[in-house]
Amino acid sequence: MLIVGNYFDPATPYAGAVGAARLLPNSRLLSYAGWGHVAFHLQGNACVDTQVSHYLLTGKPPAPGTVCRPDPPFPPSPAR
């Protein structure tokens, strides 16, 4: 089982995701170091979306301790 927890989730605290991962044998915790209540798909975070999609398609969880960082709020400016 893959559990995804947001560090700064206003509705479901990150500590709950950590506790659930400890209680569920053979589970894996994927951490998102960002804000918001939903990490997969709705946040549009490439790291989280890739990790969760890979798990759903293959059954292989991310490496233990994987933390996805928020995407930058603005794309990099083109070189001049």
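Reader: In which loop is N45 found?
Author: N45 sits in the loop between β2 and α2 (46-58). Helices (H or I, at least four residues) and strands (E, at least two) are DSSP runs, numbered from the N terminus. The model is a predicted one, in which local features need pLDDT of at least 70 and side-chain atom pairs count only at pLDDT 80 or more, while totals for chains, interfaces and linings use all residues. Residues are numbered from 1 along each chain as its sequence is written, and side-chain values use heavy atoms, with hydrogens and water left out.

Reader: Is N45 buried or exposed?
Author: N45 is buried, because its relative accessible area is 1%. Buried means under 20% relative accessible area, exposed over 50%, and partly exposed in between (1.4 Å probe, protein chains only).

Reader: Which residues does N45 touch?
Author: Leaving aside residues up to four places away in sequence, N45 touches Y32, C68, R69, P70 and D71. Contact here means heavy atoms within 4.5 Å.

Reader: And what lies 3.2 Å from a polar atom of the N45 side chain?
Author: That is the backbone nitrogen of C47. A polar contact is a pair of N or O atoms within 3.5 Å; within protein, one must be able to donate a hydrogen and the other to accept it, and residues adjacent in sequence count only if both atoms are side-chain atoms.

Reader: Turning to the sheet, in what order do the strands come?
Author: The order is β1-β2-β3, in an open sheet of three strands with parallel pairing. The edge strands are β1 and β3 (67-68), each of which pairs on one side only. Two strands pair if DSSP finds at least two bridges between them.

Reader: How many bridges join β1 and β2?
Author: Six bridges join β1 (residues 2-8) to β2 (residues 28-35), in the parallel sense. The chain passes from β1 through helix α1 (residues 14-23) to β2, and this β-α-β crossover is right-handed. That term applies if, with the strands pointing away from the viewer, the path from the first strand over the helix to the second runs clockwise. Among the facing residues, V4 has L30 as its bridge partner in β2, and L2 stands opposite R28.

Reader: What about β2 and β3: how many bridges there?
Author: β2 and β3 pair in the parallel sense over two bridges. S31 stands opposite V67 in β3, and the partner of Y32 is C68.

Reader: Is β2 mostly covered or uncovered?
Author: β2 is mostly covered, with six of its eight residues buried.

Reader: One last topic: where is T58, and which backbone atoms lie by its side chain?
Author: T58 is found in helix α2. A polar atom of its side chain lies 2.7 Å from the backbone oxygen of H54, and the backbone nitrogen of K60 lies 3.1 Å from a polar atom of the T58 side chain. T58 counts as partly exposed because its relative accessibility is 41%.
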